[in-house]
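Biologist: I have not seen this structure before. Please take me through the terms used for it, one at a time.

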Amino acid sequence: MKPFPINIETTSVFMQKLVTMVERALLLLSSSRVHGYGFLEHAKPEITNFFNKRNVQTILFVPYALKDYDKYTAVVSEALTPMGYKVEGIHTKGDPIKAIDSAQAIFVGGGNTFVLLKTLYEKNLVEVIRNRVLNQGVPYMGSSAGTNVATASINTTNDMPVAYPPSFVALNLVPFNINPHYLETDPNTKHKGETRDQRINEYLEYEQQSRGVLGLREGTALLVEGQKATLLGDRNAKLFRPNQEPVEYKPNADLSFLLQ
């Protein structure tokens, strides 16, 4: 019996199609802490659903947004271990690129967004993480700064620029921006400084091609599965777009149009 002929070109195209069929899986939290809850406790149902659905047992934690990596990793481990997950700090794994390449899941924590992105660039992890998440389907969870760097750029972070990354272009796991910890100004306040809404709109005046900025209030998150995006939590999110009035979206809203 003759062996079945293999067409290298056809096989290559088939493998490329298989890669494009891999679904990205993102859980982008506005914050790790919410009043009345312990660290990550408010998001326990969303976290366990997200990781259990993908049979995740070990989570690689990226603590680069804060200075004390060991302390930060211990806090995360204390929160996630009772949920059934082993937490490993990327800084304990030797080569961070190899750690990302072998990770079952990635969690990038909050802190200072500028410091975080600068470190990701310095360690040559931006393209590595992007490839693992978008082309290989590795689950990615971000919180606060970790959510900021998952978007198109960090231009809409609330953080102070205490460090200077080589670019504000981020992981681009989604093609729009997020403003974590979004908070509207109290209408009764006597403070006359610029509001969060004004600052976001200032950004959009200079970025007319932006797909928008999603204001995620405390306790909310965005779940992205392939080409579907869903707002999680018990509060609305507010979407800002160039030359348009902001729009409020209720919990469980389908925001997939932002991915198109």
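Modeller: What follows is a set of questions and answers about a predicted model.

Biologist: What makes Lys238 a buried residue?

Modeller: Buried means under 20% relative accessible area. Lys238 has 9%, so the residue counts as buried. Lys238 is found in strand β10.

Biologist: Why is the contact of Glu184 with Lys238 called a salt bridge?

Modeller: The rule asks for a side-chain nitrogen of Lys or Arg within 4 Å of a carboxyl oxygen of Asp or Glu. In Glu184 and Lys238 the closest N and O atoms are 2.7 Å apart, so the pair meets the rule.

Biologist: Which residues does the network of salt bridges around Glu184 join?

Modeller: Salt bridges with shared partners join Glu184, Asp197, Arg217, Lys238 and Glu248 into one network. One of the salt bridges is that of Arg217 and Glu184, at 3.2 Å from N to O. Arg217 is in the loop between β7 (213-216) and β8 (221-225), and Glu184 in the loop between β6 (177-179) and α8 (196-206), so this pair ties together parts 33 residues apart in sequence.

Biologist: Are Arg217 and Glu184 buried or partly exposed?

Modeller: The limits are under 20% for buried and over 50% for exposed, with partly exposed in between. Arg217 has a relative accessible area of 7%, so it is buried. Glu184 has 38%, so it is partly exposed.

Biologist: How many salt bridges are there by this rule?

Modeller: The count comes to eleven. Among them is the pair of Glu88 and Lys93, with 3.1 Å from N to O. Lys93 has a relative accessible area of 37%, so this residue is partly exposed.

Biologist: What else does the side chain of Lys238 meet?

Modeller: It makes a polar contact with the side chain of Tyr182, at 3.3 Å. The cut-off for a polar contact is 3.5 Å between N or O atoms. Residues that Lys238 touches also include Val213, Leu214, Gly215, Pro246 and Val247.

Biologist: How many aromatic pairs are there, and what makes Phe61 and Phe107 a tilted one?

Modeller: There are nine aromatic pairs by the rule. For Phe61 and Phe107 the centres are 5.2 Å apart and the planes make an angle of 45°. Centres must lie within 6.5 Å, and planes under 30 degrees apart count as stacked, over 60 as edge-to-face and the rest as tilted, so 45° gives a tilted pair. Phe61 lies in strand β2 and Phe107 in strand β4, so the pair ties together parts 46 residues apart in sequence. Both Phe61 and Phe107 are buried.

Biologist: Why is the pair of Tyr182 and Phe240 called edge-to-face?

Modeller: The planes are 65° apart, which is over 60, and the centres are 5.8 Å apart, which is within 6.5 Å, so the pair is edge-to-face. Tyr182 is in the loop between β6 and α8 and Phe240 in strand β10, 58 residues apart. Tyr182 has a relative accessible area of 2% and is buried. Phe240, at 0%, counts as buried too. Elsewhere, ring pairs link Phe50, Phe51 and Tyr85 into a cluster.

Biologist: Which residues of helix α5 are buried, and what covers them?

Modeller: In α5 (residues 113-122) the buried residues are Thr113, Phe114, Leu116, Leu117, Thr119 and Leu120. Their cover includes β2 (58-62), α3 (69-80), β4 (106-108), α6 (126-134) and α7 (145-148).

Biologist: What makes Asn112 a cap of α5?

Modeller: A side-chain oxygen of Asn112 lies 3.0 Å from the backbone nitrogen of Phe114, at the N-terminal end of α5. Just after α5, Asn124 takes a positive phi of about 55°.

Biologist: Which residues have the most contacts inside the largest nonpolar core?

Modeller: That core has 45 residues, and those with the most contacts inside it are Ile106, Leu120, Ile129, Tyr140, Val149, Leu214 and Leu222. Another core, of 25 residues, lies apart from it, with Leu27, Ile47, Val76 and Ala79 among its members.

Key
Residues numbered from 1 in each chain as written. Predicted model: local features only at pLDDT ≥ 70, side-chain atom pairs only at ≥ 80, totals over all residues. Heavy atoms only, no water. Buried < 20%, exposed > 50% of the residue type's maximum accessible area, 1.4 Å probe, protein only. Helix = DSSP H or I, 4+ residues; strand = E, 2+ residues; numbered from the N terminus. Contact = heavy atoms within 4.5 Å. Polar contact = N/O pair within 3.5 Å; in protein donor to acceptor, adjacent residues only side chain to side chain. Core = buried A, V, L, I, M, F, W, Y, C linked by side-chain atoms within 4.5 Å. Phe/Tyr/Trp six-rings, centres within 6.5 Å; stacked < 30°, edge-to-face > 60°. Lists of a residue's contacts leave out its neighbours within four places in sequence.
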